[in-house]
Every structure is written in C-alpha cells, then in structure tokens.
Amino acid sequence: MTSQPSNVAYQVMWNRLISVVEEQAQALVRTAFSTSVREAGDLSAGVYDLDGQMLAQAVTGTPGHVNAMADAVAHFIRRIGRDNIAEGDVYITNDPWEGTGHLHDFTIVSPSFHKGAHVGFFACTAHVVDVGGRGFGADGASVYEEGIYIPIMKFADRGTVDDTLVAIVRGNVREPDQLIGDIYALATCNEIGHRRLIDMMEEFELDDLNGIAAFILDRSRAATLERIAALPRKSATGELTIDGFDTAITLRVKLTIEKDRIISDFTGTSGVDKKGINCPLVYAKAYACYALKVAIAPEIPNNAASLAPFEITAPDNTIVNAVHPAPVALRHIVGHFVPDAVFNAFDQIVPGLVPAEGAGCLCNFQVSLRPRTDAPAPAGAVRSEVLTFNSGGSGARPAFDGLNATAFPSGVMTMPVEATEHAGPVIIWRKELRPDSGGAGKQRGGLGQYMEVGARAGHEFDIQAMFDRVDHPAQGRRGGGAGAPTTIAQDDGTPMRGKGKQFVAHGRRVVMAFPGGAGYGDPSARSLDLVKSDLARGYISAETAQADYGLSDADIRAVAQAVQEGREP
C-alpha cells in the first residue's frame with residue numbers, strides 16, 4: 001500500500017484473519033477421515049507471522065491444540081531452517097514435545113508466499129485414530145511404545161510429496177488409509193487458509209503482514225496487561241487430586257499475580273508416572289494459559305501476545321513437565337485437570353468468578369474390534385479401530401448451573417451414536433444423561449451420562465479406557481456438593497479399571513457412568529422453582545430433591561402431577 005492503513009482498516013483485517021482461519025478449520029472438518037475431527041472437532045488452525053508468532057486462531061478447535069500449537073511453529077522454523085523454506089513446502093510432525101503433547105496429534109505447517117515473497121505460515125493440528133504401537137491408551141512404559149514418531153520434516157518439498165515418508169507411515173499404523181487421508185486433509189486446509197489470506201492481502205493492497213501483525217500483537221498485549229494490572233497483587237496455592245493410573249496424583253500450583261504477568265508454578269506436583277498419562281509442559285502450559293485467559297480476558301482474541309503475560313513453570317519430571325522418553329499417550333487426562341487446579345488457586349484471589357470443579361478430562365474410550373476367537377467367526381467379521389469422544393458434566397458457575405455432558409475445558413463435541421457405529425462393528429446400546437450426577441448447590445453441577453457399548457455379532461474387542469474421577473469426584477466450591485464419580489463394569493458385573501486396555505468377550509457389553517460436575521454455593525440457597533424444574537426434567541430424583549434441597553412431599557407430588565399432565569411444575 002502507498003499509505004499506512006488506518007486503525008479501522010487494521011481492525012477489519014484482524015476480523016478477516018479470524019474468519020480466514022475459521023474457514024481453514026471448517027475445511028479440515030469437512031475433509032478429515034477421522035471421526036475425532038469430523039464429529040468431535042478435535043483440531044486447531046491458525047495463522048502466524050514470519051517469526052512464528054500466532055496472529056489468529058480458529059474458533060473451532062481445542063485449547064490444548066491451539067495454545068500448544070502457538071509454540072510449535074517456532075520449532076518448525078528452527079528445524080527446517082529459514083534458508084530451506086520454499087513455496088509449495090508442507091512440513092509435518094507428531095513430536096509430543098515440539099507439537100501438541102502426544103504422538104496421536106499431527107501438526108502440519110505450510111509457509112505462505114505472496115508475489116514470490118515469504119509472508120507467514122499456516123498451521124493446523126488434528127487427532128488421528130491410530131499411530132501404531134500399543135494403540136491409543138495408557139499402557140506404554142515409554143514414548144517408543146506408543147506409535148510411530150515423525151520428527152519435524154518436509155511432507156512436501158516445493159509441491160512434491162515425500163512418497164518414502166508416506167510408505168513408512170502406511171507400514172506402521174493400523175488404519176493407513178485413514179491416517180494418510182487425514183494428513184492430506186491437514187495440508188489441504190492450510191492451502192485453503194493461504195488462498196483466503198492472499199485474497200485479503202490483494203484486497204487491502206498488502207505486500208506483507210508486518211503492519212497488521214504489529215497492530216494485532218500490540219493491542220492484544222496491552223489489553224491483556226490492563227486486565228492483569230486490575231487484579232490484586234496476591235499469591236495463592238491450589239491443589240487437585242485425581243486418580244492417576246495405579247496411584248493418585250496431586251496437581252499443585254502457586255499462582256502469583258504481578259503488575260504485568262501471572263506466574264503459575266507447579267512445584268509440588270506429583271512426579272512422572274510409569275504409565276502413559278504424563279503431560280509434556282507444552283500441553284500443561286496450554287491449559288494453564290487457557291484457564292487464566294477465560295478467567296480475566298475471555299473476549300480478547302487468542303494470539304501470541306495475549307498469551308505471553310502468562311508464565312508457566314514446572315520442575316522437570318513432574319507429571320505436568322514430563323521429559324523424553326516418558327510415555328505421554330493420554331497426556332490429555334492430566335492436562336484437562338490443570339484448569340481446575342488453577343481455578344482452585346485463583347478463587348482465593350478473586351472470589352466469585354471461576355466455576356466449581358467439573359468432570360475434567362474427556363470420557364474417551366477406543367475399541368479394537370476383531371472377529372471372535374472363542375468360536376468360528378462369520379464371514380463378514382472385520383477388524384476395526386473405533387475411537388469415541390464423550391463428556392461428563394461441567395462444574396457449576398457462580399451464577400449458572402453446570403453444563404450437562406459438555407467437555408470443559410477441552411471444548412470438543414460429544415460424538416453422535418450414528419457416527420460412532422458407522423466407523424466400525426460397534427453398538428452403542430445406551431447413551432443418556434445420568435440423573436443425580438451433578439453436585440448439589442445454589443447452582444447445580446452439570447450431569448454426566450450413561451453409556452453402554454458392545455460389538456456386533458461375531459466380534460470381540462479390547463477397550464482402552466481413558467477415564468478419571470473414579471476415586472476422586474469433582475469437588476464443590478463455596479459450599480457446593482461433589483459430583484458423582486465415574487463407574488465402569490461389564491454387563492455381568494465384572495469390575496473394570498478406569499484406565500488401560502481390557503478384553504471384552506463376544507456377547508459382553510461395557511456399562512459406564514461418566515462423572516458429574518460439582519455444585520457451587522450452599523444447596524439450601526437454591527431456588528425451589530429450579531429444584532422443581534430439575535425434578536420435572538429428570539435431572540434429579542425425588543430422593544435427591546428432598547435430601548439435598550428440602551423439597552417437601554407435597555411439592556414432589558405436585559411436580560409428578562404436572563409432568564403427568566404435560567405442564568410446567
């Protein structure tokens with residue numbers, strides 16, 4: 001441009017960039033092979049300047065992906081080398097420590113060129129169903145057991161795909177067509193973002209992104225610092241105990257608010273586990289930053305500058321800073337609890353702002369199906385890997401009830417039964433809300449859900465359980481009650497573990513109840529109209545309405561009569 005754009009023009013460009021990366025993300029949703037991307041939205045997309053600083057992120061996606069990916073592009077620049085970056089290149093990795101935390105996430109980075117000059121990067125990440133090894137689960141004793149590792153390298157060099165890399169990947173995974181399809185989908189969505197960026201640059205007559213990048217980063221940094229400066233200069237320590245694999249884990253964080261930064265120090269957190277639930281710091285950092293950002297500056301767009309004032313530290317070989325070669329396949333389990341630990345500290349500094357504890361980690365499981373081995377299998381029996389994303393309840397908020405069966409903090413969607421059953425010979429016999437699972441309070445915790453899963457006739461399967469809150473349910477805040485714990489067993493009553501690979505014979509089913517969020521505030525202060533509404537909807541039973549909220553027998557009968565007559569209680 002011949003003149004400096006106005007602030008109004010820059011604001012329009014900023015909004016356009018956010019739209020560009022959202023279109024990038026939606027292109028990935030539409031073209032991905034994995035149900036975890038298509039149905040659950042387990043992905044991220046973003047645009048970066050020449051220094052690898054994230055300028056904008058897509059609305060669709062998860063904090064763990066996008067906030068970790070915010071650090072990843074700088075690793076790509078360092079590993080590839082600036083002199084080796086060319087138009088038409090596509091870079092790839094699933095490095096847990098330089099990507100987004102475990103081998104199942106593939107990150108693709110593509111440089112953008114305009115008029116022959118390098119102007120920035122697009123990046124995206126998606127969770128894939130299988131990367132070989134032991135499969136998606138916590139059973140590995142080191143990262144080497146957890147699947148194929150792709151260091152940061154070129155997937156395409158000046159537009160030419162590395163066929164040798166493709167052949168190696170195909171030869172090491174259980175679902176090769178699906179994984180290679182996902183990699184091409186990732187590369188394609190970056191190309192969509194690039195095209196829309198060039199359209200914008202031509203429309204506003206931009207030769208580079210330097211001006212808009214400075215505008216975005218300067219204003220985001222200033223706005224975030226303003227929010228931090230308004231907070232009390234205090235410190236507080238928050239703790240959270242979760243199940244772990246064989247032994248309980250403590251997450252401990254000391255939060256210190258200074259004039260121009262917030263420090264989260266995880267000293268005192270449990271050490272690295274022998275099994276694959278460990279979390280690289282990049283992923284723990286992603287969720288710690290997310291917790292602070294939603295608490296103090298939720299409406300400021302997410303980018304490198306709005307994240308920079310949040311400093312996250314943890315000693316090496318704590319479970320939130322696991323170093324290579326620790327097993328990290330289920331790093332999301334620990335990572336998803338980081339916000340609750342941060343909130344437990346933040347609530348002591350700024351009361352009445354953050355929610356009660358929720359279900360925390362996703363209630364995921366993967367089934368590895370195969371023809372039955374205890375008797376001859378029918379001709380149509382097949383092998384298949386089916387991953388399904390599910391959620392417990394979120395914690396109650398200071399002024400609102402918790403959300404039912406909603407993934408917080410990950411933000412991914414619960415997968416529809418139809419999509420899950422389409423992915424392989426699996427049957428979801430039951431999927432419904434779990435009454436009485438939300439913790440009692442002035443604001444009630446969100447409900448968990450029931451699920452019952454089996455296989456089609458002629459199949460047996462292994463289930464990889466990825467659950468927590470079996471022994472340590474969500475705890476209430478400000479007098480609220482705890483949420484219900486997780487349970488898992490076979491339909492004949494055989495108990496099962498909350499984590500790990502477990503065999504399920506032909507004809508058997510797995511019955512699960514996912515945890516509820518905790519309550520906020522004294523249950524006696526809850527509006528009786530809300531209690532009656534919960535009872536009418538089936539969210540709570542008559543026994544809970546009476547025991548936790550003091551609803552009278554007469555009121556309970558009146559609610560039952562209203563439900564029978566089809567009217568509001």
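## Largest cavity

The largest cavity holds about 120 Å³ of space. Eighteen residues line this cavity, and those closest to its centre are Asp42, Tyr283, Arg331, His332 and Leu362. A search of the whole structure finds three cavities of 30 Å³ or more. The model is predicted, so local features need pLDDT of at least 70 and side-chain atom pairs count only at pLDDT 80 or more, while totals for chains, interfaces and linings use all residues. Residues are numbered from 1 along each chain as its sequence is written, and side-chain values use heavy atoms, with hydrogens and water left out.

A cavity is a set of points, on a 1 Å grid over the protein atoms alone, where a 1.4 Å probe fits but cannot get out; a pocket is an open set with protein on both sides within 12 Å along at least five of seven lines, and lining residues have an atom within 4 Å of a point. Grid points are joined across faces, edges and corners, and a volume is the space filled by probe spheres set on the points.

Helix 3, helix 7 and helix 9 (331-335) each supply at least two residues of the lining of the largest cavity. Helices (H or I, at least four residues) and strands (E, at least two) are DSSP runs, numbered from the N terminus. The lining of the largest cavity divides into six nonpolar, nine polar and three charged residues. Here Ala, Val, Leu, Ile, Met, Phe, Trp, Tyr, Cys and Pro count as nonpolar, Asp, Glu, Lys and Arg as charged, and the others, Gly among them, as polar.

The largest pocket has a volume of about 740 Å³. Its lining has 38 residues, with Pro63, Tyr290, Val294, Pro298 and Phe408 nearest the centre. Two or more lining residues come from each of helix 1 (7-31), strand 2 (54-57), helix 3 (63-80) and helix 7 (281-296). Helix 7 gives the most, five residues. By class, the lining of the largest pocket has 25 nonpolar, 10 polar and three charged residues.

The second largest pocket has a volume of about 280 Å³. Of the 18 residues that line it, Gly88, Asp89, Val90, Ser110 and Glu191 lie nearest its centre. Helix 5 supplies the largest share of this lining, five residues.

Axes are lines fitted to C-alpha atoms, for helices over the stretch in contact, and angles run from 0 to 180 degrees between N-to-C directions. Angles under 35 degrees count as roughly parallel, over 145 as roughly antiparallel, 65 to 115 as roughly perpendicular and the rest as oblique.

Helix 12 (residues 528-537) and helix 14 (residues 553-565) pack at about 50°, with axes 10 Å apart. Helix 12 is therefore oblique to helix 14.

Four strands form an open sheet in the order 14-15-19-17, with antiparallel pairing. Two strands pair if DSSP finds at least two bridges between them. Strand 14 (426-433) and strand 17 (487-490) are the edge strands, each pairing on one side only. From one strand to the next, the twist averages 10°.

Seven bridges join strand 14 to strand 15 (residues 449-455). Ile428 stands opposite Val453 in strand 15.
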